[in-house]
Amino acid sequence: MEMDQLVALCKRRGFLYQSSEIYGGLNGFWDYGPMGIELKRNIREAWWRDMVQGHNELSVPAGAVSPYEMVGIDTTIILHPQVWKCSGHYDLFHDMMQTCRQCKRLFRADHVGEMLKESAWAKALAEATGGDVSTPNSEGLLKWAKSKGKKLAPGLALVRAPEVTLASLAKHLEQASTSGLSFKGLLQHLATEQPAETGLQTPCPECGGDLTEPREFNLMFETHYGAVRDESNKAFLRPETAQGIFINFKNVVDSTRVRVPFGIAQMGKSFRNEITPRNFTFRSREFEQMEIEFFCHPSTSARWYRYWRDRRYRWYVELGLAGDRLRLREHEQEELSHYSCGTADIEYAFPFLPPGEFGELEGIAHRGDFDLRSHMEGKLVRKGDELVVESDEEGKPRYRGSGKDLSYFDDLAKERYIPHVIEPSAGADRATLAFLCEAYREDAAPDENGAMKPRTYLKFHPRLAPIKAAVFPLVRKDGMPEVAQEIYTELKRHFNVMYDEKSAVGRRYRRQDEVGTPYCVTVDSQTLVDGTVTFRDRDSLKQWRVRREDCLKELFGLIVGGAAPC
Ligand code: GAP
């Protein structure tokens, strides 16, 4: 499947639209249409149901250390600014960025190399050099600078000052003891008018202008609360839902009957001012997270980490992301955060990635006692094997914690400790995108005249499908619409179903296939004779007859209880 095909289907059938499209769109922001919101809600509800409400604390789930409890929470998007100072986001949540001095665009420093390879002007320049970049032909470059280059790379030094730039390049080649240049070296020379003064420049992937040195750029969106707009009331839109859970740990313990081990779950919007939002909704600036902070005794935390890693992987498999496009990847030791003794990513081979590459769907991290201690004592840093409160020049805490006691007292074991935390942190939008990619299928199916025609369908797990069933009268006469509407009204009380009587029935089937409706129920002439209707399965195209008064039971069996009869 080409990504463009999925993007087009998402727009055509109401899954996803570019935000503010009528004003030209807003990069990194997406709106969910009528089908998209049903799909995303089903994913969120499956997560909440399976991880929180449906969890049974009396039994020991396979692989778990002991029975455990789960509760939910819904905290605000704007939290006290001190939260982000103690969590580390204020100082550490940034990307290294480079700005183009000519066109003023911002680039993530670690993306520039890759973007230059894909850059339209760099590709055109490579063609103009006739394939041999090591000893470039000045005449060809001059010609390019005065023609195509003007349009493609107006910021490039070669285009702004061709003679000066080429003279300096020729001097370099003359003086070079070893002959030749790499393509990257050539681009740097062509982006630099006077290397003696500035050193070689890295060109901008968009316009060829020179980029600044990498600088830190915090990814948190800023805002202000109250009437005055100054530093004292600056706040941030949360970049993760997790911190709202940590700062309420004590409230939950004190106001409910939960005992460690237990987890607090939260889902909601998070905001990151991503520099290069891309790949459809994969990297957005506003997105939804589904996070669990699971609190346990330090001595059992390594086992709980393995439990959550495997439990979360199984969840995606159970909902249809099976096969070699999904993988669980343990981080190497050097990838781990300074406080973590284990992190794994659940990754999916999104079709927009090069073959063999995977993108993160969810991270499961062992966070030790880092977060609770930071919110008690102040921002922590590692010193040798220890986590200690970071201090300023005068030896005072750089960022003060709340000073509240966030330890836990186990009244049965008579033990007080700061729980360790396992954090399974998923993105609802990335999960939605992965389920859409996985569901996209093309095959051939008979049309209304019985001729085989290409068909596109979305093979969603029935729990995730936006519409569970569509009810049709075969024709708009002979009392068929009335019977179909009766069935529709009954099913609608329990499931999101749709009624459709417009156009030929074959076309109606195809419209439902394209949005992933697993079952269609058709009232036809035989219904009027024997009271049965036709059920049709989206994937196998099999059809079978069901008594009209059994439609609800049949659908319950199919959606909740299993697959269609073969
Ligand atoms: N509390 C830990 C945390 O936030 P993260 O890896 O930064 O960890 C967790 O984010 C998940 O949130 C990711 O695995 C991804 O699914 C989702 N996510 C993060 N940034 C995102 C973005 N810019 N757009 C869409 N989803 C994003």
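Me: Leaving aside its neighbours within four places in sequence, which residues is Arg-309 in contact with?

Reply: This is a predicted model, so the answer describes a prediction. With neighbours within four places in sequence left aside, Arg-309 is in contact with Leu-328, Glu-330, Ala-344, Ile-346 and Ile-364.

Me: Where does Arg-309 lie, and is it buried or exposed?

Reply: Arg-309 lies in helix H15, which covers residues 301–318. Its relative accessible area is 15%, and Arg-309 is therefore counted as buried, since the cut-off for buried is under 20%.

Me: Let us step back. How many helices and strands does the chain have?

Reply: The chain has 21 helices and 25 strands. Its C-alpha trace spans about 95 × 75 × 50 Å along the principal axes.

Me: What percentage of the residues in the chain is buried?

Reply: Of the 566 residues in the chain, 51% are buried. The chain exposes about 27,200 Å², and carbon and sulfur atoms supply 50% of that area.

Me: And what about contacts along the sequence: what share joins residues at least 24 apart?

Reply: Among contacts between residues at least 6 apart in sequence, 64% join residues at least 24 apart.

Me: On to helix packing. How are two packed helices described?

Reply: They are described by the angle between their axes and by the distance between the axes.

Me: Then what are the angle and the distance for H1 and H17?

Reply: Helix H1 (residues 3–12) and helix H17 (residues 428–439) pack at an angle of about 110 degrees, and their axes are 11 Å apart. H1 and H17 are therefore roughly perpendicular to each other.

Me: Which residues meet there?

Reply: From H1 come Met-3, Leu-6 and Cys-10, and these meet Leu-433, Leu-436 and Cys-437 in H17. By class, this contact of H1 with H17 has 6 nonpolar residues, with no polar and no charged ones.

Me: How many residues of H17 are buried?

Reply: In H17, 12 of the 12 residues are buried, so the helix is largely enclosed by the rest of the structure. Asp-429, Arg-430 and Glu-438 are among the buried residues. H17 reaches 16 Å from its first C-alpha to its last, which is close to the 16 Å expected at 1.5 Å a residue.

Me: How do H10 and H11 pack?

Reply: Helix H10 (residues 162–175) and helix H11 (residues 183–190) pack at an angle of about 135 degrees, with their axes 9 Å apart. H10 and H11 are therefore oblique to each other. Thr-165, Leu-169 and His-172 of H10 make the contact with Leu-186, His-189 and Leu-190 of H11. These residues divide into 3 nonpolar, 3 polar and no charged.

Me: What follows H19?

Reply: H19 is followed by Gly-516, which has a positive phi, near 85 degrees.

Me: Is the phi of Ser-20 positive or negative?

Reply: Phi of Ser-20 is near 55 degrees, a positive value in a residue other than glycine. Ser-20 is found in the loop between strand E1 (16–18) and strand E2 (30–32). At 35% relative accessibility, Ser-20 counts as partly exposed.

Me: And Lys-414: what is its phi, and is it buried or exposed?

Reply: Phi of Lys-414 is near 55 degrees, again a positive value in a residue other than glycine. Lys-414 has its place in the loop between strand E16 (408–410) and strand E17 (415–417). Its relative accessibility is 62%, so Lys-414 counts as exposed.

Me: Change of topic: is the peptide bond that joins Val-260 and Pro-261 cis or trans?

Reply: The bond joining Val-260 and Pro-261 is cis, with omega about 10 degrees. Pro-261 is found in the loop between helix H14 (249–255) and strand E9 (262–271).

Me: Last one. Where is Asn-56 found?

Reply: Asn-56 is found in the loop between helix H2 (34–53) and strand E3 (69–72). Asn-56 counts as partly exposed, at 40% relative accessibility. Asn-56 and Met-70 are 14 residues apart in sequence and 8.8 Å apart in space, C-alpha to C-alpha.

Definitions and conventions:
Residues numbered from 1 in each chain as written. Predicted model: local features only at pLDDT ≥ 70, side-chain atom pairs only at ≥ 80, totals over all residues. Heavy atoms only, no water. Axes fitted to C-alpha atoms, helices over the stretch in contact; angles between N-to-C directions. Helix = DSSP H or I, 4+ residues; strand = E, 2+ residues; numbered from the N terminus. Parallel < 35°, antiparallel > 145°, perpendicular 65-115°, else oblique. Contact = heavy atoms within 4.5 Å. Nonpolar A, V, L, I, M, F, W, Y, C, P; charged D, E, K, R; others polar. Buried < 20%, exposed > 50% of the residue type's maximum accessible area, 1.4 Å probe, protein only. Areas by Shrake-Rupley, 256 points an atom, 1.4 Å probe, with all protein chains shown as cover. Expected span 1.5 Å × (residues − 1).
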